[in-house]
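Thanks for coming. I have one structure to go through today, and I will define the terms as they come up. Please look at the model first.

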Amino acid sequence: MQLRPYIGGQAVLEGVMMRSPKSFAVVVRRRDGSLSVRERVMLGGRRGLAKLPFFRGVASLVESLRLGGEALRYSAELAQRDWDAAAAVTSVLRAIGFQLFLLASSDGTEKAEKSKGIGVMVVLMVGFFIALPQLVAAGIMKLLGVDWGVTSMPFQALTGAAKLVIVLGYLMLIRRMADIRRVFQYHGAEHKTISTYEANEPLDVAHARTKTTMHPRCGTTFLVMIVFLSIVIFSLLGAILPPIHTGSRILDNVIFLIAKLPALPVLAAVAFEVQRFFARYCTTGPLRALLVPGFLVQKITTIEPDDDQLEVALASLRATLFREEGRTSEDAAHDVSFPSYAAMTAAESLIEIDRASA
């Protein structure tokens, strides 16, 4: 029996991105109800160390950031055409805030521009997931009148708790914004569509509607794992480092913050492997309890979609599968549109859509 290709995805502004080993596709619902599609070939694939456990986690994260940034930019460009430009920019900034691991890269392909985008994202990750929680933990410790060392297990546990509160609080806050609620609905549509595909059921709204908005491989679950694993990994790091006592609590925190930076790839790699294990072996039976923390947070970041949003997610998956099934030429790139989801389901390939829209 031939294995079906792995499909991943992400919600964007009024749309959904899907990716498979051979294809990357974004479908956006336009203001007039039509669908715009961008589909590209995925070149190369992972090679060498990028295929090995732990190394593949870092490679997957970098790739997700790159593709996520491209998908969001595409959806933002269309949003700016359909709506007031200022409102569109605001939506983009909010969406970037929600997609905490989204690569904020420019449209260019030069190495310098890519490095700049990656640098912006690294600064955001360090600030939101390390510096701010550590600052909050230091403030709480001062209020409690305790003097735990920055490398101690109690301080790392307090930092982890602060990190979880910050992430959950932020997600619940932006969930109240109308445009982000729609992003969360598309997030739910993405999960339902992938679950329908993985169940080997027909890719239609009726079957997708019955699926849950929860999924074990969700990036939200990845964030939760990052929070819990950071307590363990940074505590181990603190145990092997010499005690940090400079006489200045601020300087102690800065030194340990810098010491944590090289451990970020390790944290991402371990979280990836743990999530991969949970998704493969813990979806049924008593081990499913291990997925509960991630599912609870997904209840914040996913909202039940309407049928129009399910159509967008299904269309994105179909566009991706065109290439997987050999119905699109290997090197073709497609930016096409069609008036309805029904028009796409009637097409035999994106080449046919290309010709019809020419």
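In which sense do strand 4 and strand 5 pair, and over how many bridges? The sense is antiparallel, and strand 4 (residues 35–41) and strand 5 pair over five bridges. Two strands count as paired if DSSP finds at least two bridges between them. Helices (H or I, at least four residues) and strands (E, at least two) are DSSP runs, numbered from the N terminus.

Before going further, some ground rules. This is a predicted model, so local features need pLDDT of at least 70 and side-chain atom pairs count only at pLDDT 80 or more, while totals for chains, interfaces and linings use all residues. Residues are numbered from 1 along each chain as its sequence is written, and side-chain values use heavy atoms, with hydrogens and water left out.

Now the overall numbers. The protein chain has 13 helices and five strands. Of its 358 residues, 49% are buried. Buried means under 20% relative accessible area, exposed means over 50%, and partly exposed is in between (1.4 Å probe, protein chains only). The mean pLDDT, which is the predictor's confidence in each residue, from 0 to 100, is 79 for the protein chain, and 79% of the residues reach 70 or more. Over residues 98–116 the pLDDT is below 50, and this stretch has 47 contacts in the model beyond near neighbours in sequence. A contact means heavy atoms within 4.5 Å.

Back to the two strands. Strand 5 covers residues 334–338; His 334, Val 336 and Phe 338 make up its covered face, and Asp 335 and Ser 337 the uncovered one. In a regular strand the side chains alternate between the two faces of the sheet. Opposite Val 336 in strand 5 stands Val 37.

Is Leu 35 buried or exposed? Leu 35, in strand 4, is buried, at a relative accessible area of 0%. Leaving out residues up to four places away in sequence, Leu 35 touches a number of residues, including Val 336, Phe 338 and Tyr 341. Ser 316 is 281 residues away from Leu 35 in sequence, yet the C-alpha atoms are 9.8 Å apart.

Next, salt bridges. A salt bridge is a side-chain nitrogen of Lys or Arg within 4 Å of a carboxyl oxygen of Asp or Glu. By this rule there are 10 salt bridges. One of them joins Asp 335 and Arg 40, with the closest N and O atoms 3.1 Å apart. Asp 335 lies in strand 5 and Arg 40 in strand 4, so this pair ties together parts that are 295 residues apart in sequence. Asp 335 is partly exposed at 43% relative accessibility, and Arg 40 is partly exposed at 22%. Arg 38, Arg 40 and Asp 335 are linked in a network of salt bridges.

Another salt bridge joins Asp 307 and Arg 209, at 3.0 Å between the closest N and O atoms. Asp 307 is in helix 11 (residues 307–324) and Arg 209 in helix 6, 98 residues apart.

Last, a loop residue. Asn 200 sits in the loop between helix 5 (178–198) and helix 6 (205–209), and Asn 200 is exposed, with a relative accessible area of 55%.
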